[in-house]
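Dear colleague,

I am passing on the structure we spoke about, and below it you will find a short account of what came out of the analysis.

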Amino acid sequence: ATKLNWRITKVPENDYSNIYKQFQVAGYNLKFLFYNSSSDLQIGVILQTGKNYDKLKWPFKAEFVTHLSSQSKPGNIKRFKSKMFEWKKEEFRYNSLICFTIATFTRDEFLEHFINGEAEFVIFVIIL
């Protein structure tokens with residue numbers, strides 16, 4: 001498993017749409033981003049391949065285990081149900097913006113962990 005630490009230090013004017021972070025895991029570029037769905041917030045993951053499309057091993061299957069925590073309250077951890085996804089090469093050629101949801105939570109749940117101006121998502125990526 002690869003452990004990714006995504007620290008969030010500001011939410012500009014309560015607008016969650018521009019919060020994202022890119023990580024490289026075993027040669028694959030993963031972009032994690034916030035997005036709204038009705039009243040909930042969600043964290044999605046997009047696989048970005050760029051020019052490496054043909055060099056990557058397909059299908060790409062991974063499991064995501066996500067936690068939300070805060071340095072200010074170390075014991076206060078929200079654990080999300082683990083999610084498993086598969087990206088197929090054929091689908092990918094036509095739609096490189098497939099976004100899978102790895103976590104869903106309310107604004108209040110997020111703000112409970114957004115203490116002293118920071119919160120952190122810890123995401124374990126297990127490539128299958």
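The protein has two helices and nine strands, where helices (H or I, at least four residues) and strands (E, at least two) are DSSP runs numbered from the N terminus. Along the sequence these elements follow the pattern β-β-β-β-β-β-β-α-β-α-β.

Please keep in mind that this is a predicted model, in which local features need pLDDT of at least 70 and side-chain atom pairs count only at pLDDT 80 or more, while totals for chains, interfaces and linings use all residues. Residues are numbered from 1 along each chain as its sequence is written, and side-chain values use heavy atoms, with hydrogens and water left out.

Of the 128 residues in the protein, 41% are buried, meaning under 20% relative accessible area with a 1.4 Å probe, protein chains only.

Phe64 touches, among others, Leu30, Phe32, Val45, Trp87, Ile102 and Ile123, leaving aside residues up to four places away in sequence; a contact here means heavy atoms within 4.5 Å. Of the contacts in the protein with a separation of 6 or more, 64% are between residues 24 or more positions apart.

Best regards

Notes:
Buried means under 20% relative accessible area, exposed over 50%, partly exposed in between (1.4 Å probe, protein chains only).
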